Amino acid sequence: MLVYFAEYLINQSVAPTLLFPLNKTPFTEYRSFYPTYATIYQLGVFTSRSSLPFIRVPYLYTMGSLQCLNLALLIFQALYMIFPNIYIVFAFIFWVGVLGGLVYVNAYANVADDMPEKEREFALGAVSVSDSAGILLSALVGVVGGVEEGLCAWQVGRGKDWCRKL
């Protein structure tokens, strides 16, 4: 659940605030950032969900920790612009998708391969619920906690009103 919480909090609340001056990006409008991030993220998800025949990840807790690190780094990017250009953010967004996809495909594969047949159906349901619960929780934190609005307000307060131009 942790990996999905961090992943979708990034997607829903942090990514819309990962902006740069237009003249330092390949874009001509601020509204182009988020769809590009979403596409790059989905490419990461697709790549990792297609990797099961080649890569098996038995220890999924590490992925949750790495995704939380991504969340922290991308929040710091939104607050302090720690990365010098958008291409580093593109790489992080791709990595967010890769981690999420790896956990998704490997969680189901691990259940299918490692659980006794009597417990498999329940375990598959538990994996599905944890996925959905992480996504729901991130949406609630994002909306009720005002994550995107708070990051945008921080940026505007420091003279970067790009998030208001979406």
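Ring pairs join F27, Y30, F33, Y37, Y87, F90 and W162 into a cluster; rings of Phe, Tyr and Trp (its six-membered ring) count as a pair if their centres lie within 6.5 Å, with planes under 30 degrees apart called stacked, over 60 edge-to-face and the rest tilted. The model is predicted, and local features need pLDDT of at least 70, side-chain atom pairs count only at pLDDT 80 or more, and totals for chains, interfaces and linings use all residues. Residues are numbered from 1 along each chain as its sequence is written, and side-chain values use heavy atoms, with hydrogens and water left out.

By the ring rule, the count comes to eleven aromatic pairs. In one of them, the ring centres of F33 and Y37 are 6.3 Å apart and the planes stand at 65 degrees, so this pair is edge-to-face. F33 and Y37 are four residues apart in helix α2 and are therefore separated by about one helical turn; helices (H or I, at least four residues) are DSSP runs, numbered from the N terminus. Both residues are buried, a term that means under 20% relative accessible area, with exposed meaning over 50% and partly exposed in between (1.4 Å probe, protein chains only).

Y37 also forms an edge-to-face pair with F90, at 6.0 Å centre to centre and 75 degrees between the planes. Because Y37 lies in helix α2 and F90 in helix α4, this pair ties together parts that are 53 residues apart in sequence. The relative accessibility of Y37 is 1%, and that of F90 is 14%, so F90 too is buried.

The description now turns to the nonpolar cores. Such a core is a set of buried Ala, Val, Leu, Ile, Met, Phe, Trp, Tyr and Cys residues joined through side-chain atoms within 4.5 Å. The largest has 31 residues, of which L18, F33, Y37, L74 and I93 touch the most other members. Two or more residues each come from α1 (2-14), α2 (33-49), α3, α4 (86-114) and α6 (147-157), and α4 gives the largest share, six residues. Apart from this core lies another, of 13 residues, including V3, Y4, V57 and A107.

N70 lies in helix α3 (residues 61-80) and is buried, with a relative accessible area of 2%. Leaving aside residues up to four places away in sequence, N70 touches I10, F92, W95, V96 and L99, where contact means heavy atoms within 4.5 Å.
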